[in-house]
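User: I would like to learn how to read pockets, cavities and helix packing in a model. Could you take me through them one at a time?

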Amino acid sequence: MVAVLLTAGAWAAAADEPAARLPYTPGQAPKFWSVAAADTIMARWPDYSKAYFNAWTYVNGYELLGFDMLYRATGDKKYFDFTKRYIDQFIDENGDFQAVVNAKGRTNRPSFNNLDSMMTGNTVVMLYEYTKDPRYKKAADKIRRALDDYPRNDDGGFWHARSLNGQMWIDGIFMGQMFLIRYGKSIGDSAYCWDEAARQITVFAKRAQRGDSGLYLHGVFEPGHGGKTAAWADPRTGLSPEVWSEGLGWYALVTVETLAVLPKEHPKRAEVTDIFIRLAAGLKRTQDPASGRWFQVVDKGELPDNWTDTSGSAMFTYAIARGIELGLLDRAAYAAVVDKGYKGITQNAKINEQGLLDIYSACDGVGVQTNYDRYIHYKKSVNAKEAVAGFLWATAIVEKPRLEHARSF
């Protein structure tokens, strides 16, 4: 078994031996950053259930959607096979979820008491699309049913977790709705899926926009549902204090991906489209002209201790590129934003001495923080898991034309 080679600050996954190596040249840019990112994930974690804090996590699903992008662009079956090996550990022959031993030697049976845990269901639906194996549909149905009695605020916004009374987090919109929109497209219950995805996006927009900027705060707290008051919530508005880069990135991704499938005649399509277009304009306005990236607190780039975050920057690069691809954004107005974003995030990536890709200037696992200082001084990590996934998405979409061209030869 090939094991992860740990680099400074990287997540310490369980390892048999530090043997992971790839033939990329240290210090030199690879031909395709997206391929190098995926190759590195597979080399570090050949058993992907051992990669992160638990065997089944949102990060696995987030990264594996990038693998799906590469599979579609290149036709290389290694991306599909890696995904299938991971998911098949969790789903038995009857389509029931089963426990898997994680990197710490503990068992982890997927449960769906929070939105994060639903994210990887998108990958289950993806496997059903390719194989039509009914056990994937049965497993996806279990995740869909978990939303039937899922707790909400009075306006219909999902709580981030059943235990987080009244708390709606911006990242949860991505986690829950990325599953729903694919389920609705490929399995069924489409009317509910479209309505729910549009509702979650628009409900959050109504409550959490920062002025008229088109940018959104990290969290919303609604009292009256029992439990504790969120420490980060303004006592008057219930809002968190800042526009966090990665959180806003989740929202940008799910909004554009919802528009990729939301029917043109859907009654909320115009509203969701307007949210995305205003968000894109806000991102264009706040992109750092020097680095091409975006700041950890997106709308306060003028403050001297703020810094540019690779994770959110990758998400924004993808979302704007996807918006151009879908005809939602004018290429002439936004192509340069994508080009600068791509250059900016790849400047924060490096092939190390083992030929593996390392990604810098991002944080791992940031929750809703109570003030600006806590976002800015949150510990940075090399290969922060969300940054690895975001980097894969962004480079995959920007490099897609070249990947597809290479496939034709």
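Analyst: Let us begin with an open space in this predicted model: the second largest pocket has a volume of about 240 Å³.

User: What is the volume of the largest pocket, and which residues are the closest to its centre?

Analyst: The largest pocket has a volume of about 540 Å³. It is lined by 21 residues, of which D68, R72, R182, E257 and R322 are the closest to its centre. Two or more lining residues are given by each of α2 (58–74), α4 (121–131), α6 (170–186), α8 (245–261), α10 (310–325) and α13 (385–407), and the largest share, five residues, comes from α2. By class, the lining of the largest pocket divides into 11 nonpolar, nine charged and one polar.

User: How many cavities of 30 Å³ or more does a search of the whole structure find, and what lines the largest cavity?

Analyst: The search finds three cavities of 30 Å³ or more, and the largest cavity holds about 60 Å³ of space. Its lining consists of A37, T40, I41, R44, W45, L357, I359, N383 and V388, with α1 giving the largest share, four residues, and with β8 (357–359) also supplying at least two. The residues of this lining divide into six nonpolar, two polar and one charged.

User: Since α1 has come up, how should I read the way helix α1 and helix α3 pack, and at what angle?

Analyst: Helix α1 (residues 33–44) and helix α3 (residues 77–88) pack at an angle of about 40 degrees, with their axes 12 Å apart. Angles under 35 degrees count as roughly parallel and 65 to 115 as roughly perpendicular, and α1 and α3 are therefore oblique to each other. The crossing in which α1 passes α3 is left-handed. The contact is made by V35, A38, D39, I41 and M42 of α1 together with K78, Y79 and F82 of α3; by class, this contact has six nonpolar and two charged residues, and no polar ones.

Definitions and conventions
Residues numbered from 1 in each chain as written. Predicted model: local features only at pLDDT ≥ 70, side-chain atom pairs only at ≥ 80, totals over all residues. Heavy atoms only, no water. Axes fitted to C-alpha atoms, helices over the stretch in contact; angles between N-to-C directions. Parallel < 35°, antiparallel > 145°, perpendicular 65-115°, else oblique. Left-handed = near helix turned anticlockwise from the far one by under 90°. Contact = heavy atoms within 4.5 Å. Nonpolar A, V, L, I, M, F, W, Y, C, P; charged D, E, K, R; others polar. 1 Å grid on protein atoms, 1.4 Å probe; cavity = no way out; pocket = protein on both sides within 12 Å on 5 of 7 lines; lining within 4 Å. Points joined across faces, edges and corners; volume = space filled by probe spheres on them.
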